[in-house]
Every structure is written in C-alpha cells, then in structure tokens.
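Visitor: Hi! I have a protein open on my screen and I'm new to this. Could you walk me through it?

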Amino acid sequence: MDNSIVSGLKLTSSYFLLSLLIGCGTDTVSSDDVATTDAHVNIHVTAGNTGNAYINIELRPDGPASTTSIELSKSDQLWASNDEPFSRNVDTDNLFSELNTMASNSIKLHQGGVFNYGFLDFRIYGEIWYSGLIPASNDDTYYVSLLRDSFQSAADSRVTIPSKFSVTAPLSNETHSRSNDLTINWQSDLTSLPVSISVFTTCLNNVNDTFDIENLSDTGSYTLAAANFTPAAVGICNTNIEVVKANLGQLDPLFNSGIIAGNRVSKAIFTSTD
C-alpha cells in the first residue's frame with residue numbers, strides 16, 4: 001500500500017494549543033444559502049485510551065474540492081450524542097428527566113475551539129469548524145446531527161471508534177537520536193483499519209517540525225527514516241507521536257458527500273537529540 005508523508009509548518013503541539021489553521025481559501029457562505037443536499041461534511045470523532053471524546057466538524061458547499069467554508073446561521077445547529085441520534089422533540093410530561101438525560105449524553109457544538117489531538121490539523125482543512133467535548137460512549141458509538149429550520153435536517157450520522165490500543169515503542173522515558181531511523185511499534189489487532197502516524201517535534205532552538213504519514217496497514221510497526229526529521233532541529237527536543245486507527249462510519253444520506261470518521265489515538269512523548 002502506498003504511504004504518503006505530509007510535512008507542514010503548523011504549530012500544533014501535544015499540549016493542545018489552539019490550532020492555527022492555514023486554510024486553502026478565505027471564502028465563507030451562510031448555511032441559509034446551502035441546502036443539506038448540497039453540503040459536504042467532514043466529521044471526526046476522536047478519543048484516546050481514557051477520558052472524553054472530541055468532535056470536530058467542517059462543512060463545505062459543492063463537495064470536498066470547494067475552498068469555501070459553511071458558517072452556520074442561528075437557525076442551524078450541530079449536536080453530538082453518545083447514546084442515540086439527537087432529537088429536539090422533548091417529552092414535556094417528563095421534562096426534568098429529559099433535560100437531565102440530554103445534558104449527560106448530548107452536546108451542542110460551537111464554532112472554533114481547540115484541536116485536542118495534533119493529527120486533526122491534517123484532517124480539518126477549512127477556516128471555520130465546529131467542535132465539542134462529550135463523555136465517553138459505553139459502546140464507543142457516537143452520533144452527529146445537523147438540525148435545520150429552513151432545510152431538511154441530517155440527524156443520523158454515526159460512527160464506532162476502534163478499540164483501545166497502546167504504543168509500545170518508543171517509550172516515554174527513552175531518548176532517541178534524530179540521526180537514526182525511529183521504529184514505532186503499537187498493539188495491532190490485525191484489522192483492515194487504516195493507520196496514520198503524526199509526529200510533532202518542538203526544540204529549544206524554537207524549531208517546530210510536524211509531519212503526517214497516512215494509509216498505513218495495521219501491522220503494528222513502522223520505521224520512520226531519519227531523513228524525515230528537519231535538519232533545522234538542533235539539540236534537545238520534545239517529540240510527540242500520535243498513532244491513529246480510523247474507522248469510517250455511516251454518514252446521513254441527506255448530505256451531498258463527506259465522511260464521519262471515528263479515530264482512536266495512542267501517544268508517545270519522548271526526548272530526541274541530534
């Protein structure tokens with residue numbers, strides 16, 4: 001299988017700084033001017049081995065090649081749930097219980113926000129995106145709903161995140177020379193799920209290096225050539241590796257096109273030297 005390595009100058013770090021996106025264009029259009037059936041959507045539901053899941057979504061008109069971002073009007077909302085597709089229909093006879101249930105398993109997504117995992121900087125391309133944090137699902141399945149007043153709602157996109165796994169090498173207490181190839185090992189369940197590896201290096205000489213390897217098979221091992229590390233990195237650096245297993249879910253058929261991807265991430269953070 002062909003692998004692709006994407007290098008970039010984005011400054012996303014393992015410490016969850018606000019991502020600075022370099023978009024392909026600056027055009028935006030109101031969702032009031034885009035029918036659901038004309039919208040392309042890019043949905044990522046991401047979780048580590050502990051804690052909550054993160055939802056990140058961008059919308060574009062007229063397919064994935066568009067450089068225009070859709071900005072939601074007040075009449076359109078994005079919601080996510082860890083239990084079932086979200087509905088605005090509330091049982092008024094049991095309002096208190098209904099509201100408590102909604103608060104525990106559903107969230108409204110808001111524009112902007114933090115990319116809690118660096119690899120998302122390579123997956124979300126536009127200048128407008130929507131995000132939120134949701135408690136972990138009992139069965140690792142999540143639902144995303146676009147609720148609309150003027151157009152048809154797309155209320156039932158769903159995805160199941162892959163099982164938890166660990167990076168077994170390198171270990172966090174290791175020191176690695178960037179002059180040598182780096183072998184990355186992780187727990188493999190021999191599935192057909194694609195694997196990607198994102199590498200972020202931050203150095204004391206103010207050099208930040210990021211790159212992304214996509215379309216790997218889940219073999220449990222990948223050797224990163226020393227040549228992939230920038231020669232501008234000098235001295236002691238912190239290197240953060242994110243190994244990501246992705247599963248494509250079921251996108252609501254009312255959308256024109258797009259994906260909903262469930263991403264499971266395992267990380268290793270170690271010291272690298274010349």
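Guide: Happy to; we can start with the whole chain and then look at some details. Keep in mind that this is a predicted model.

Visitor: Okay, how many helices and strands does the protein have?
Guide: The secondary structure comes to 1 helix and 19 strands.

Visitor: And what share of the residues is buried?
Guide: Of the 274 residues, 50% count as buried.

Visitor: Let's zoom in. Where does Glu 58 lie?
Guide: Glu 58 is part of strand β4, which covers residues 53–61.

Visitor: Is Glu 58 buried or exposed?
Guide: Glu 58 has a relative accessible area of 3%. Buried means under 20%, so Glu 58 counts as buried.

Visitor: Which residues is it in contact with, leaving aside neighbours within four places in sequence?
Guide: For Glu 58, they are His 40, Val 41, Asn 42, Arg 123, Ile 124, Tyr 125, Gly 126, Ile 128 and Trp 129.

Visitor: New topic: how many cavities of 30 Å³ or more does a search find?
Guide: Searching the whole structure gives 1 cavity of that kind. The largest cavity has a volume of about 50 Å³.

Visitor: What lines the largest cavity?
Guide: Its lining residues include Leu 59, Ile 70, Leu 72 and Arg 148. By class, the lining has 7 nonpolar, 2 polar and 1 charged residues.

Conventions
Residues are numbered from 1 along each chain as its sequence is written. This is a predicted model: local features need pLDDT of at least 70, side-chain atom pairs count only at pLDDT 80 or more; totals for chains, interfaces and linings use all residues. Side-chain values use heavy atoms; hydrogens and water are left out. Helices (H or I, at least four residues) and strands (E, at least two) are DSSP runs, numbered from the N terminus. Buried means under 20% relative accessible area, exposed over 50%, partly exposed in between (1.4 Å probe, protein chains only). Contact means heavy atoms within 4.5 Å. On a 1 Å grid over the protein atoms alone, a cavity is a set of points where a 1.4 Å probe fits but cannot get out, and a pocket is an open set with protein on both sides within 12 Å along at least five of seven lines; lining residues have an atom within 4 Å of a point. Grid points are joined across faces, edges and corners, and a volume is the space filled by probe spheres set on the points. Ala, Val, Leu, Ile, Met, Phe, Trp, Tyr, Cys and Pro count as nonpolar, Asp, Glu, Lys and Arg as charged, and the others, Gly among them, as polar.
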